[in-house]
Amino acid sequence: MSWRGQVGAIDGVDIPQRNPGKAVPNPTRYHVQRKGGHQILCIAICDAHRRFTHYSMDHEPNSHDSLAWAGSKLGAKIKGILPSPLFLNGDNAFVQDATMVVPMNDSDYDFYHSSNRMPIECAFGILVR
């Protein structure tokens, strides 16, 4: 069950890939040291039924999720103009604003916040598997 006004849960995932080689100008930019290999960054939104409603793979995997979201076409388009009371539910890799709710270090709030983000975590698990 999602909160009234929540239009989706958003998150980023690094998807393993082979070394892209000559397919990209600088393949080392797709190597993520902490993951031990080459990755593709996918920032995605899904609904309460784990259906993807938006995704962006426009940024390199070493980009922070919040920067990749802000730099995506949809992220730039809805920044500050998503009509109230509509919002996205993101983790603490995103920035709290009028269009995004994030954890607040409040156990009751964070429990419901996390519960309403489970669809994106499950959707990514299904996608990557």
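A: About 8200 Å² of the protein chain is accessible surface, and carbon and sulfur atoms own 55% of that. Those areas come from the Shrake-Rupley method with a 1.4 Å probe, and for residues only the protein chains shown count as cover. Keep in mind that this is a predicted model, where local features need pLDDT of at least 70, side-chain atom pairs count only at pLDDT 80 or more, and totals for chains, interfaces and linings use all residues. Residues are numbered from 1 along each chain as its sequence is written, and side-chain values use heavy atoms, with hydrogens and water left out.

(Exposed means over 50%, buried under 20%, and partly exposed in between, with a 1.4 Å probe and protein chains only.) Asp 58 sits in the loop that links strand 4 (52-56) to helix 1 (65-70). Lys 73 is 15 residues from Asp 58 in sequence, and their C-alpha atoms are 9.3 Å apart.

Now for the charges: the chain has 13 positive and 12 negative ones, and the mean positions of the two sets are 10 Å apart. Lys and Arg count as positive, Asp and Glu as negative, while His and the chain ends are not counted. Each charge is placed at NZ of Lys, CZ of Arg, CG of Asp or CD of Glu.

Heading inward, 41% of the 129 residues are buried. Cys 42 is one of the buried residues, with a relative accessible area of 4%, and Cys 46 is another, at 0%. For Cys 46, it is the sulfur of Cys 122, at 8.5 Å.

Stepping back, the chain has four helices and six strands, in the order β-β-β-β-α-α-β-β-α-α from the N terminus. Both are DSSP runs numbered from the N terminus: helices are H or I, at least four residues, and strands are E, at least two. The radius of gyration is 15 Å, close to the 14 Å that the globule rule gives for 129 residues, so the chain is as compact as a globular protein of that length. That radius is taken over C-alpha atoms, and the rule is 2.2 Å times the number of residues to the power 0.38.

Key
Disulfide = S-S within 2.5 Å.
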